Amino acid sequence: MKKSLIISLSIGFILLAALFLALNSYLSWWVDTGFLDMLIELLPIYLASIVIILVGIFFVIFLMYTKSRQIKPLVKEKIDIKEQPIDISKITMQEKTVLDYFTCGLVVLKTPATVLLINKEGAKIVGYRQDKDLFYFMADTEFYNIIEAREDAEVHRIIDNKTFSFMFNFDGENIIVLIEDVTRLRAAENIKNEFIANITHEMSTPLTSIVGYADLIKQGMNEENTKNAADTIAQQSIRLGSLIKGILNYSQIDADEIKNHKVDLSKTLKESIFNLSSYMQEKNIKIDTIIDEDVMVNSRHEHALDFVNNLLINAVKYNIEGGNIAVSLTKEPKMLTIEDSGIGIAPDNIEKIFNRFYTLSYDKTDIGQNSSGYGLGLAIVKKIALKNNWKIKVESTLNKGTKFIVNF
Ligand code: ADP
């Protein structure tokens with residue numbers, strides 16, 4: 001309003017100034033030619049024009065002022081809404097239509113069975129039919145009790161395999177219920193809780209062992225038993241360390257903000273094979289390699305190394321004493337295969353091996369002692385593959401061996 005008034009007044013003054021300047025510059029010419037007398041005669045017309053201009057200006061100001069007045073009541077109403085309960089009868093058809101576009105359900109009740117306002121999504125969730133009493137909130141004892149107690153609350157319900165959150169708010173006489181689909185949120189929470197439960201479970205076994213053997217040492221043992229106990233403590237500590245490393249690796253893949261870059265997979269693969277050479281020697285395993293040079297993939301060096309390491313470790317771990325491994329990395333097509341002559345995987349289990357903390361138990365005489373893992377290796381492999389859009393295929397025959405094929 002202030003701005004428009006200033007603009008209008010300025011225009012008015014400019015017009016007046018222009019008029020008087022024009023009069024002034026032509027005054028001498030008017031005197032000489034005798035026009036002045038005539039102009040004096042026309043003075044009432046000039047004055048009338050000035051009055052008309054002024055009236056015009058004030059008319060514009062008036063229009064602007066009334067327009068701003070139209071907005072004011074809305075602002076006032078907004079304040080009132082905060083202070084007073086919402087009057088449902090004042091909600092226009094247009095506003096009701098807008099509510100129908102909401103992805104969450106809105107139900108305003110007068111009593112548990114009387115609907116004052118409901119949007120499309122709300123009606124769908126609670127199964128409401130126009131002009132009929134609503135039994136949904138009556139039939140649920142917890143809902144009914146919340147409404148009776150008139151205390152804000154949030155309750156979850158499963159409807160058609162989806163989890164909905166019902167948020168109750170009380171506004172004067174009105175009972176406002178906001179219904180939101182929280183299925184995905186709950187699923188994510190469940191995954192997190194399951195992950196934590198798995199970690200706790202996996203950690204408790206080595207920890208119990210460490211604490212138990214440390215206690216025995218404290219109580220006093222002969223030299224040989226003390227040495228055995230210390231060995232077990234050392235072994236379990238290493239296992240615990242590898243579990244923590246696995247968990248960190250697994251969770252860091254997603255958290256990693258650093259961008260991918262070109263990684264020389266040929267070099268990474270050779271590095272991984274070299275690192276595992278003593279492990280292979282321990283089990284007397286022979287390895288055949290065909291590795292094309294300069295096979296470049298879009299990834300991170302640590303991720304690519306973790307990826308091939310986990311596949312190769314398994315090829316050794318689940319191999320038989322004196323078994324074979326064949327590794328091939330080709331440039332065209334860009335493909336890696338790691339094949340072992342190990343114990344193989346039953347067809348039913350092939351899908352599950354990529355699940356977190358999924359492990360199959362074996363007769364340790366087949367694969368050697370200390371070979372049990374935590375079921376994180378292939379979960380890491382899967383995560384890295386998903387992140388980089390690599391495709392993994394597994395072919396396996398029980399007691400014959402397993403082949404992992406990766407297309408980049
Ligand atoms: P782990 O730490 O138990 O090795 P992984 O996630 O690496 O966990 O593997 C999950 C399961 O998949 C293993 O327990 C094993 O039963 C099976 N598995 C993985 N690789 C092989 C393989 N090359 N041969 C046979 N079984 C395998």
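Which residues have the most contacts inside the largest nonpolar core? They are L265, L311, L312, I338 and V381, in a core of 32 residues. Such a core is a set of buried Ala, Val, Leu, Ile, Met, Phe, Trp, Tyr and Cys residues joined through C-beta atoms within 7 Å.

Before going further, a word on the model. It is predicted, so local features need pLDDT of at least 70 and side-chain atom pairs count only at pLDDT 80 or more, while totals for chains, interfaces and linings use all residues. Residues are numbered from 1 along each chain as its sequence is written.

**Overall picture**

The protein holds 14 helices and 12 strands; these are DSSP runs numbered from the N terminus, helices being H or I with at least four residues and strands E with at least two. Of its 408 residues, 20% are buried. Here buried means that 20 or more other C-beta atoms lie within 10 Å of the residue's own, exposed means 12 or fewer, and partly exposed is in between, with C-beta atoms placed from the backbone. Among contacts between residues at least 6 apart in sequence, 60% join residues at least 24 apart; a contact requires C-beta atoms, placed from the backbone, within 7 Å.

The elements giving it two or more residues are α10 (265-275), α12 (301-317), β9, β10, α14 (377-388) and β12 (401-407). Helix α12 provides the largest share, seven residues. Apart from this core lies another, of 18 residues, including I146, F164, F168 and V177.

Five strands form an open sheet of mixed pairing, in the order β7-β9-β10-β12-β11. Its edge strands are β7 (286-291) and β11 (391-397), each pairing on one side only. Two strands pair if DSSP finds at least two bridges between them. β9 (residues 324-330) and β10 (residues 335-340) run antiparallel and are joined by six bridges, with V327 opposite I338 in β10. Leaving aside neighbours within four places in sequence, I338 is in contact with L311, L312, A315, I325, V327 and F404. On the other pairing considered here, β7 and β9 run parallel with six bridges, and I291 has L329 in β9 as its bridge partner.

**Around the ligand**

The ligand is surrounded by 22 residues, the closest being Y318, L360, G373, G377 and L378. A residue is near a molecule if its C-beta atom, placed from the backbone, lies within 6 Å of it. Helices α12 and α14 each give two or more residues to this shell, and α12 has the largest share, four residues. The shell divides into 11 nonpolar, nine polar and two charged residues. Ala, Val, Leu, Ile, Met, Phe, Trp, Tyr, Cys and Pro count as nonpolar, Asp, Glu, Lys and Arg as charged, and the others, Gly among them, as polar.

**Loops with backbone features**

| Residue | Phi | Loop |
|---|---|---|
| D294 | about 55° | between β7 and β8 (296-299) |

N161 counts as exposed because 6 other C-beta atoms lie within 10 Å, and D294 is exposed with 9. The peptide bond from E332 to P333 is cis, with omega near -5°, and P333 sits in the loop between β9 and β10.

Definitions and conventions: Two residues are in contact if their C-beta atoms, placed from the backbone, lie within 7 Å.
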